[in-house]
Protein chains: 2
Amino acid sequence: MNNEKKIKSFVMEVDIAVPELGNNTADAERLKEAVKKKYGIESLSVPLTVLKKIPSSIRKWDHRIKLILFEDLRGWFVAGIRNPDDVEPVCGIAADIGTTRIVLRILDLETGKNLGERGFDNPQTVIAPDVLARIRHAEQDAGRNELQSLVIDAVNANILSLCRSCSIDISSVYLFCGAGNTAMTHLFLGIDPSHIIREPYIPCVNVPEPFKAREIGLNMNSEAVVFLFPNIGSYFGGDLISGILYAGIHKKEFPCIMVDVGTNAEVVVGNSDWLIACAGAAGPALEGGMSDMGMTAGPGVIDTVKIDRETGDIKIHTIDERAAIGLCGSGMIDLAAGLFLSGMIDIRGKFAGEKCHGRLYEKDGISYFRLIDKDCSGTGKDIVLSQTDIDSLTSSKAAMYSILEVMVNNTAGLAFDDLSKFYVAGTFGSFINPKSAISIGMLPDIPLEKFEVLGNSSLGGAAKLLLDPDCFEELNKIRQSITYIELNVNQEFMNIFSGAKFYPHTDRSRFPSVK
Amino acid sequence: MNNEKKIKSFVMEVDIAVPELGNNTADAERLKEAVKKKYGIESLSVPLTVLKKIPSSIRKWDHRIKLILFEDLRGWFVAGIRNPDDVEPVCGIAADIGTTRIVLRILDLETGKNLGERGFDNPQTVIAPDVLARIRHAEQDAGRNELQSLVIDAVNANILSLCRSCSIDISSVYLFCGAGNTAMTHLFLGIDPSHIIREPYIPCVNVPEPFKAREIGLNMNSEAVVFLFPNIGSYFGGDLISGILYAGIHKKEFPCIMVDVGTNAEVVVGNSDWLIACAGAAGPALEGGMSDMGMTAGPGVIDTVKIDRETGDIKIHTIDERAAIGLCGSGMIDLAAGLFLSGMIDIRGKFAGEKCHGRLYEKDGISYFRLIDKDCSGTGKDIVLSQTDIDSLTSSKAAMYSILEVMVNNTAGLAFDDLSKFYVAGTFGSFINPKSAISIGMLPDIPLEKFEVLGNSSLGGAAKLLLDPDCFEELNKIRQSITYIELNVNQEFMNIFSGAKFYPHTDRSRFPSVK
């Protein structure tokens with residue numbers, strides 16, 4: 001009985017009792033009664049603007065109604081009403097609100113069908129590419145409004161074009177679920193984020209309540225509701241909570257790990273009983289961090305590199321198989337792995353000139369490795385890798401491994417082998433070849449089948465929530481069971497980091513598969 | 001402990017924990033935590049517009065904050081925030097939203113002090129004086145908007161002048177609590193009321209949820225909240241629920257009755273266990289109803305009449321002691337009582353010419369009783385009472401008594417003597433002399449000390465709610481325990497009515513005190 005009343009979708013259809021003499025129940029109360037009876041929802045809130053439409057609508061629609069409901073911390077409310085005979089789908093927008101890039105996905109809320117996706121650069125980069133500068137810009141009302149308008153306008157334009165591309169009227173979009181880091185969440189809402197970057201680093205809000213889209217100027221249905229994922233703190237945002245929801249770590253019996261390899265390395269370890277998370281800049285060891293590792297993926301960018309250990313022959317693959325124009329992160333890791341395994345770089349990550357098959361040359365005291373000759377490249381210039389590039393990668397991969405070791409071994413008290421799953425999230429993470437990452441000692445040497453690439457887990461979690469009302473309870477569970485760790489770059493960390501700066505590590509026994 | 005956390009006012013002050021390193025709790029969550037700790041309120045909702053003000057406000061105010069909270073069916077939410085050092089009072093407006101007249105009262109929400117009151121005619125009378133015609137006018141969007149604008153504009157103007165008169169800025173008004181009949185409640189909200197007057201007589205909403213004042217264009221604090229009393233049905237409105245709350249019938253051990261003597265006779269009988277209510281036009285017996293009984297109270301209107309049984313001398317009192325210009329309802333009842341007791345009208349309510357001391361004359365076949373000579377009146381004309389006036393009063397008083405008998409005896413199964421209190425509500429009721437009303441057989445012959453005049457109970461209940469958060473629970477109790485009776489004008493009613501058309505009644509034993 002109780003199971004029958006399970007709410008499986010935010011879109012519901014009810015039959016409303018036809019009014020009769022001797023029963024004073026008003027239209028709104030009969031509607032609420034119908035929802036209570038069918039779905040067990042008590043205390044449904046009907047906004048005044050919706051209430052006004054009810055008397056004529058339910059009579060026109062023959063006492064049937066399609067409702068778009070949503071839940072906040074105080075219970076359920078109506079986000080829209082529809083003629084049940086209307087054939088146009090009832091839609092929602094899932095959004096990954098990234099610092100540099102925003103991705104929207106439009107979904108049919110009833111069938112769950114993905115109707116289209118659109119990615120675009122976050123226009124706030126016009127003001128400042130980095131979050132810190134944007135937060136400073138947002139300290140004044142004018143700057144804050146400017147940043148909010150930029151992102152809202154761009155989202156509006158893209159919602160519109162997304163709707164057009166699948167022939168949906170924007171009035172059919174009733175829900176918007178976005179996931180962003182803490183600063184982006186504040187900027188999207190137009191809330192002063194300045195205390196995020198000032199000691200003691202306090203956000204204005206960790207659990208934003210759902211609100212009307214019109215309150216921030218988002219153009220959808222006039223009653224449409226916006227939900228943004230909760231943050232855990234200034235440096236652990238809703239995008240990561242969304243990622244956890246997507247990966248489902250909070251429901252796993254055995255410990256798992258999720259690593260979001262982006263500008264920062266963000267790590268979550270745990271299972272259905274506990275979750276430990278760390279995020280944010282890990283001090284000087286991560287300066288430059290993961291972000292310096294080559295260019296963003298795009299046509300002509302090298303994403304896969306294979307080196308024959310015997311002959312030193314290098315095979316590359318570029319995105320869209322266009323002439324090579326540069327290396328992205330995953331290509332860089334592949335290349336470093338190949339160079340190390342073929343002896344072209346040594347355990348310190350330094351070029352071993354005699355083994356480089358004549359590809360090495362020096363300029364201004366810096367060694368360069370010629371990957372692609374200018375005659376074959378898409379730029380008309382050699383595609384090269386400098387010792388500086390390798391050194392930077394060495395730092396990054398060492399930092400990554402150190403964070404994993406601190407989190408899994410020192411904090412969670414587990415061995416890497418105890419992990420049942422290793423989720424790699426983030427756009428950058430999507431292209432990483434785990435075997436290469438293990439070879440250079442960036443990821444721990446665990447069976448390859450344990451690795452799973454999640455793609456845009458932030459967008460994935462947002463879409464999941466739009467299609468599954470149970471996610472609210474899951475979110476509460478995640479928020480309650482998560483422990484956020486400040487990663488201190490202390491002597492202990494630096495010791496671990498020093499060992500991890502070698503290829504694959506000073507302690508070779510940790511990487512038995514790397515030969 | 002639990003008692004300590006009792007919420008005694010909608011205005012609360014809390015100290016918010018000062019943020020510190022090692023604690024990621026955001027501003028909004030620390031605020032909620034403080035409210036939970038001090039008042040036991042879980043799941044407090046903070047609207048986005050308030051949320052935006054929090055980071056700078058709590059730091060400026062040294063981590064103290066005054067909150068104006070309000071409750072809806074899903075729990076508590078913030079209706080405003082203030083600097084706790086601000087000396088201007090935090091105010092609320094109570095409103096009696098009558099069909100013909102609207103009365104506003106401004107209250108200090110913390111001290112409960114009445115800071116001023118203002119009454120004005122409902123400007124919707126420009127469109128139509130009666131509710132029925134207004135409802136028809138409101139069937140079209142344009143008419144509905146016009147009616148809503150008229151009342152909202154007038155309320156805004158009067159709130160402004162009320163605020164000015166007590167030197168309060170309108171931004172210090174955070175709550176508005178209004179009570180009106182079902183039709184007025186719909187018109188105030190801009191909701192189509194047309195089904196109220198169409199079989200099966202169904203309102204759009206019986207329990208309106210609180211909403212932002214700006215949603216209907218009421219000018220107060222930008223976050224101010226409007227609450228309108230719930231209705232029981234099309235003919236039993238929030239004004240009566242407010243009256244019950246004000247009289248406190250729902251908390252009495254012994255049965256009480258409340259009668260609102262206005263355009264309709266509305267009656268509630270009950271105690272803390274049960275409530276029975278009837279209201280609305282009782283068919284032809286009440287045609288013209290109570291409304292024809294003289295003019296509205298005002299300067300020069302006769303409100304008290306005393307007749308010496310021996311000499312037939314008539315003493316009158318006028319409002320503001322100005323020269324008499326006419327009779328209001330209470331004066332009319334006094335006069336009829338005096339005429340009957342001195343034998344100038346008989347038990348059928350007909351003038352007994354020989355006993356009228358020469359005051360009676362005839363014109364066009366109708367008898368007229370000269371109450372005030374033109375030389376002494378304020379109009380330059382005689383103030384007279386016609387046989388038609390008396391006949392109309394006879395019908396009205398008979399209808400009133402019949403309704404009371406049906407409600408108390410036939411429906412509740414009580415004798416009039418079982419009633420521990422007899423509350424007379426409504427502006428008109430305020431001036432009634434119960435002794436006179438008993439003498440003519442309008443009210444039952446129970447001890448005078450049981451009668452209590454409530455005045456504007458609708459306004460009183462609205463003011464009570466603004467000062468006492470417990471009223472929400474009381475309202476729920478009232479709504480749940482009330483049974484609404486359709487008063488059928490059937491043969492049984494007409495039999496009772498026939499007996500009640502005599503002075504005081506065909507059955508004299510019912511009025512032992514009337515001699």
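**A quick tour of chains A and B**

Start by selecting B:Gly343: just after α8(B), this residue takes a positive phi of about 80°. You're looking at a predicted model, where local features need pLDDT of at least 70, side-chain atom pairs count only at pLDDT 80 or more, and totals for chains, interfaces and linings use all residues. Residues are numbered from 1 along each chain as its sequence is written, with chains lettered from A and ligands numbered from 1 in the order in which they are written.

Next, select residues 329-341 of chain B, which is helix α8 (helices are DSSP runs of H or I, at least four residues, numbered from the N terminus). Its 13 residues reach 18 Å from first C-alpha to last, close to the 18 Å expected at 1.5 Å a residue (1.5 Å times one less than the number of residues). Twelve of the 13 are buried, so α8(B) is largely enclosed by the rest of the structure; buried means 20 or more other C-beta atoms within 10 Å of the residue's own, with C-beta atoms placed from the backbone. Among them are B:Met332, B:Ile333 and B:Phe340.

Now hop to chain A and show α9 (387-411) with α14 (491-500): they pack at about 130°, axes 8 Å apart. Axes are lines fitted to C-alpha atoms over the stretch in contact, and angles run from 0 to 180 degrees between N-to-C directions. Contact means C-beta atoms, placed from the backbone, within 7 Å. The residues making this contact include A:Tyr401 of α9(A) and A:Phe497 of α14(A).

Last stop: colour by chain. Here 40 residues of chain A are in contact with 40 of chain B. On the chain A side, α1 (27-39), α2 (48-51) and α3 (54-60) are the elements giving two or more residues.

Note on methods: Two residues are in contact if their C-beta atoms, placed from the backbone, lie within 7 Å.
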